[in-house]
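Please consult the sequence and the model shown here.

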Amino acid sequence: MAFNLRQLDNLDYDDVEPLIEDYIHAALADFANSKVGQAHIQHHPEGGNWIGTFIEFAYLYGGYTLPKMTKANVQEVMEYTLPRKLTLLDPSNTDGAIDELVAFWTFLDQEHRLRSAKAIAKYLRSIETKFPQWMFDPNRGGIAKSFITQGMAAGFDMTTQAGIDAFREEYNRNLPGTAAEVPPQPPSVPMLPGEAFEMTTAPPDMQRAFEQMGIELPQPGEMVNPMQLVTQFLGGLVQMDPDAAEALVESLDDGNLEDEDPEAVASAAELREELQRLDWDEAIALAPADQATLNDQTITATAPGTILLDLQIALDMLAAKAVPLSGKLQHMPAKVAAEINQRLSHPVAIALARPVQKSYPNVHGLYLLLRATGLAQVVTQGKTAKLTLNQEIYQAWQQLNPTEQYLSLLEVWFLRSHPEMLGEERSGHMMVGERCLQAWPWLTEKASVTFSDYNAQDRYSYFLGFYNLALMEMFGFIAITPGQPTPKKGWWFKKITATAWGRALMTALGDASDVVAYQWPGILDPALPLGDLQPLLAPYFPQWQRCLALPTVEFRPGRHVFKVTLLNGPETVWRRIAMDAEATLFHLSDLIRESVDFDDDHLDVFTYKTPTGITVKAYHPFSSRELHTTEVNIGDLPLPIGGAMEYLYDFGDCWQFEVALEAVEPAPAARGGQKTKQKAKRKPPKRWGEILESHGEAPDQYPDDDW
């Protein structure tokens with residue numbers, strides 16, 4: 001069978017996991033058999049490891065598949081993911097990496113015509129000398145990798161236990177409080193805490209890891225030296241089979257809870273109750289100066305930032321007139337975005353010939369908040385989509401005081417917003433708040449950060465996003481000194497300076513996120529009302545009594561009529577299917593397969609978006625995923641009339657359908673009349689829907705089979 005480049009595009013992690021190894025092998029074979037691949041192999045007869053590693057890490061840590069990958073996605077993988085997640089033991093391990101990846105993306109351009117392939121190959125070539133440095137930069141790695149690379153840089157053999165032990169002794173001598181004659185560690189190298197602490201009950205994943213390596217963890221209450229504990233762990237990893245060691249580290253790094261006892265994992269509502277009872281002063285212990293900054297801040301329309309004033313400007317424009325949106329990304333026209341930009345407190349100067357909404361990061365950020373809060377909603381009329389004011393949510397917004405408005409927006413931005421709401425597909429699992437917190441040290445490593453040219457800004461463009469920088473300024477976290485854009489270029493900023501308010505609030509949010517391990521109740525269950533940050537911040541802002549009410553999806557009774565179109569058939573094939581509101585997606589999948597005469601031997605998934613733009617996937621009941629098709633009623637779907645969802649059947653052959661909601665008709669009236677006694681009869685199974693029309697002949701489900 002020919003290599004299916006798009007095989008992974010519409011699958012989730014659990015479905016990709018058993019396929020990705022074969023997918024990588026097929027991609028390598030396709031590459032090796034191509035002209036580009038043959039030319040590359042002549043000069044590099046041994047290779048393929050970097051291509052396979054790139055494909056795997058891009059998907060595992062970013063959710064990126066080859067056909068949908070952009071230059072920005074590749075930048076994230078090369079500059080952030082690989083240096084952080086992949087540990088190399090010799091600088092020579094990077095030899096040929098860029099040549100191999102450039103050849104692979106050139107092949108994808110020539111053979112598969114991927115739109116971004118040329119730009120990606122050009123970018124990869126531009127980092128040829130930088131990539132080896134990134135892979136051995138301790139500041140780009142986690143704590144374990146930092147320890148390994150420090151040892152290697154100091155000349156120790158970190159592939160053996162003896163080398164690790166020798167470096168540990170040297171490392172400990174450099175910890176604060178040691179002899180004065182020992183030279184200190186370079187300030188650029190982060191050090192582990194040297195002071196002992198009291199052991200608490202280890203998380204289950206850590207307990208399993210140490211048990212697997214045969215290492216006994218200290219008992220709760222014992223004093224523990226963190227350096228010794230990490231060294232024991234690293235020493236155990238060195239002695240393990242490399243594949244087993246990698247799997248063990250991944251299980252810790254991802255915080256995998258799939259093997260936990262479900263009853264032991266608290267629900268989001270229970271977790272919120274725990275956070276409300278928590279003594280946050282003791283849990284995060286803010287410095288007195290930061291506490292004073294929070295206590296002294298009065299929130300108004302223009303302080304500590306202009307976010308309330310700027311958001312109201314956008315709301316006033318929507319109140320006057322609905323804004324037409326583009327088809328796929330559902331963004332505002334450039335003319336409207338430019339008009340909003342000029343009215344804002346800090347207009348962004350650009351010199352692009354053909355700007356789009358994203359070209360104005362401040363407007364792009366406000367659009368994110370409008371969607372995430374539900375203050376604005378996308379209304380579809382036929383094939384036309386418009387952004388309109390949600391009057392119900394807007395009236396609730398107007399009832400809040402400035403403190404309640406600001407802090408509600410803050411929680412929505414940090415804990416309920418995701419790049420996907422802006423149309424950024426395959427943007428990874430991290431919510432916007434986690435991205436901001438991880439990028440914050442870049443902004444505060446000096447009193448201010450300066451930018452000499454556009455290249456210096458790249459660090460912020462793909463992982464954090466310029467729209468989040470603009471929001472940071474509107475929320476008062478930073479002050480941005482703008483520069484004059486060069487012709488045909490976008491926003492340029494010369495300097496960024498963190499404010500005292502930004503430093504204090506980001507410290508509080510960062511420490512609190514560490515306490516909950518980024519598992520905020522509102523992230524775990526987006527259906528919960530706002531309120532996660534109230535126990536943390538309300539003591540500083542007693543005016544915060546109410547939160548903004550977020551939109552909910554109401555059950556829609558009646559008969560739902562869908563047009564179901566097979567997208568990868570040989571000709572136009574579509575069916576019109578009607579379903580009861582009480583039916584489930586499982587019942588709809590049965591009728592879709594029946595309508596094209598497919599069997600029911602494979603798994604399937606429905607994919608649709610919430611009103612805020614977040615993707616929801618409902619899987620076959622036999623899948624291990626959390627949401628199943630038996631749990632979603634047709635009447636609960638958030639599809640507007642004219643809106644569509646995707647149906648994927650058979651994760652191997654990947655039969656793709658578009659399921660568009662055409663109408664919701666009133667439910668048939670119950671039959672009246674006088675009741676008469678009749679002989680009891682067995683009722684037939686309820687038919688939850690029916691096939692109304694069929695157009696086009698469905699293809700054979702297994703065209704290549706001989707039986």
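Over the ring of which residue does the charged end of K563 sit? The charged end of K563 sits over the ring of W574, 4.7 Å from its centre; for such an arrangement, NZ of Lys or CZ of Arg must be within 6 Å of the ring centre and within 35 degrees of the ring normal. K489 likewise lies over the face of Y454, at 5.4 Å from the ring centre.

The model is predicted, with local features needing pLDDT of at least 70 and side-chain atom pairs pLDDT 80 or more, while totals for chains, interfaces and linings use all residues. Residues are numbered from 1 along each chain as its sequence is written, and side-chain values use heavy atoms, without hydrogens and water.

The structure holds 27 aromatic pairs. Rings of Phe, Tyr and Trp (its six-membered ring) pair if their centres lie within 6.5 Å; planes under 30 degrees apart are stacked, over 60 edge-to-face, and the rest tilted. Two of the pairs are tabulated below.

| Pair | Centre to centre | Angle between planes | Class |
|---|---|---|---|
| W442 and Y460 | 5.8 Å | 70° | edge-to-face |
| F451 and F493 | 4.9 Å | 90° | edge-to-face |

W442 counts as buried at 15% relative accessibility, where buried means under 20% relative accessible area, exposed over 50% and partly exposed in between (1.4 Å probe, protein chains only).
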